[in-house]
Amino acid sequence: MKDIIQCFEEYKSVAEKTYDAGFFSVEKVAELANAAQLSDENISFLCDFMKYADENEAIKHFMWQYYYLLFKTDEDFSSDIGVIERIAVPEESEKRFLGGAKAVIFLLAVENLKEWGAGKDIDLQALVESYYDRYRYMVSLNYVSHEIYGLFRLAPFLYGYAKPFILRVGRLNFQLAEFRDYGELYEDKNGNRIFAALPNYTYDNNGLNAKDGFVPSYSADDNYVTAHVFDFENKGKLNLEPRRIDLSVYEKKLVPGDRVIMVHIPEGGKLTSDIVIKSIKDAQVLFRKYFPPFKAVVCQTWFISPGLRGEVVKDGSNMAAFADLYDVISGTDSDNFSIFEHIFRAKKQPLENLVPENDFQKRILARALRGEKLHWGFGILKKEYEI
């Protein structure tokens with residue numbers, strides 16, 4: 001992947017040849033903001049920013065150059081969406097309207113999504129509505145953390161939805177991504193799986209990711225791979241003794257960097273098994289039709305972490321049923337990110353200051369207060385749900 005700063009500089013002159021000051025206008029922004037059903041306060045913020053931009057034409061030129069690189073070229077930053085944050089918004093703009101430039105850019109990015117969806121066997125209206133839903137959600141998270149209606153953070157996710165390489169299909173969202181660097185997946189002819197860890201992370205004596213733990217061993221020749229493996233049956237923990245994998249029996253199926261579909265779980269609506277499974281199967285059909293080939297469907301989220309089963313995620317619940325669709329391992333320590341961002345929807349603060357509003361929040365907060373870590377759960381969709 002090219003360096004994004006270099007790309008941005010290279011395309012500036014090309015972008016300027018197509019610059020249209022009317023693309024970023026108060027009227028157009030207000031029209032799309034209303035279509036997206038943004039709050040009155042949010043719309044006022046965007047319109048005030050555009051009035052400021054009208055008086056500072058350099059900001060509008062920057063916005064078009066940024067938009068042009070992301071949506072009018074063939075450059076692809078999907079393998080590391082965070083790099084788009086390296087393009088710095090003009091300082092004066094951020095001082096006056098923090099996140100305002102990106103809030104407008106990604107509101108107008110719905111136009112690119114419409115162009116992509118036109119002529120495809122896709123419900124275009126539903127596609128647009130799902131984008132507006134994600135836009136509102138990202139803005140709401142910015143408001144929680146910074147009390148602004150701008151996109152000071154999380155804009156890369158909207159890039160994914162607008163390009164698009166992230167799509168809403170039924171209940172779930174799906175992202176074309178790369179297989180994580182936790183390890184390699186092997187399968188025998190009966191579909192039995194072994195997930196061998198790579199020496200990219202460290203683990204403690206309980207087999208969980210830990211910053212001050214041991215590095216798993218890994219060696220390979222033409223006949224065998226010897227490595228520590230994750231135990232799907234034991235809460236996805238890393239076995240402390242290495243295992244020898246016979247390559248005449250097991251075939252390597254997935255390695256870091258392979259193209260996969262990553263499942264995301266948007267808020268709202270129950271995760272009933274029939275709805276979830278239909279969403280996953282429909283997504284596989286759609287992605288095979290309109291996107292490059294992929295090798296697996298995976299999911300990384302806090303609530304499929306095997307360490308939560310029993311106390312927090314009750315057996316028989318929809319959350320447990322969702323996790324059971326995957327062969328799951330315990331991933332990296334989330335540093336309680338999801339407790340603040342997803343569970344309490346609060347700014348980062350001392351855990352003691354959080355006030356639970358329901359039994360679920362009580363259970364997960366009690367666990368955190370005891371010092372138990374919240375790991376990301378990482379899972380590979382089980383064979384029976386692949387199509």
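## Basis of the description

Residues are numbered from 1 along each chain as its sequence is written, and side-chain values use heavy atoms, with hydrogens and water left out. Because the model is predicted, local features need pLDDT of at least 70 and side-chain atom pairs count only at pLDDT 80 or more, while totals for chains, interfaces and linings use all residues.

Helices (H or I, at least four residues) and strands (E, at least two) are DSSP runs, numbered from the N terminus.

## Helices α2 and α3

Helix α2, which covers residues 26-35, packs with helix α3, residues 40-54, at an angle of about 165°, and their axes are 9 Å apart. Here the axes are lines fitted to C-alpha atoms, for helices over the stretch in contact, and angles run from 0 to 180 degrees between N-to-C directions. The helices α2 and α3 are therefore roughly antiparallel to each other, given that angles under 35 degrees count as roughly parallel, over 145 as roughly antiparallel, 65 to 115 as roughly perpendicular and the rest as oblique. The crossing of α2 and α3 is right-handed; a crossing is called left-handed if the near helix is turned anticlockwise from the far one by less than a right angle, and right-handed if clockwise.

On the α2 side, the contact (heavy atoms within 4.5 Å) is made by V26, V29, A30, A33 and N34, and on the α3 side by I43, L46, C47, M50, K51 and D54. Sorted by class, the contact of α2 with α3 has eight nonpolar, one polar and two charged residues, where Ala, Val, Leu, Ile, Met, Phe, Trp, Tyr, Cys and Pro count as nonpolar, Asp, Glu, Lys and Arg as charged, and the others, Gly among them, as polar.

## Helices α6 and α8

Helix α6 (residues 100-108) and helix α8 (residues 124-146) pack at an angle of about 165°, with an axis separation of 11 Å, and α6 and α8 are therefore roughly antiparallel to each other. Their crossing is right-handed. The residues that make the contact are A103, F106 and L107 of α6 together with Y131, Y132 and Y135 of α8, and by class the contact of α6 with α8 has six nonpolar residues, no polar ones and no charged ones.

Helix α8 is also the place of N142, which counts as buried because its relative accessibility is 0%; buried means under 20% relative accessible area, exposed over 50%, and partly exposed in between (1.4 Å probe, protein chains only). Leaving aside neighbours within four places in sequence, N142 is in contact with E147, I148, G150, L151, F152, R153 and L154.

The strands β1 and β2 form a hairpin with two residues between them, and in the turn G170 has a positive phi of about 65°.

## The sheet of three strands

A further open sheet has three strands in the order β5-β6-β9, with antiparallel pairing. Its edge strands are β5 (218-220) and β9 (243-246), each pairing on one side only, while the twist averages 15° from one strand to the next. Three bridges join β5 to strand β6, residues 224-227, and the two run antiparallel; in β6, the bridge partner of S219 is T226.

## Backbone features in loops

Most residues other than glycine have a negative phi, and most peptide bonds are trans. The peptide bond from K163 to P164, however, is cis, with omega near -5°, and P164 lies in the loop between α9 (155-162) and β1 (166-169).

Residue D335 has a phi near 55°, a positive value in a residue other than glycine, and is found in the loop between β13 (326-333) and α12 (337-343). With a relative accessible area of 40%, D335 is partly exposed. Residue R345 is not a glycine and yet has a positive phi of about 50°; R345 lies in the loop between α12 and α13 (359-369) and is partly exposed, with a relative accessible area of 33%.

Methods. Pairing = 2+ DSSP bridges.
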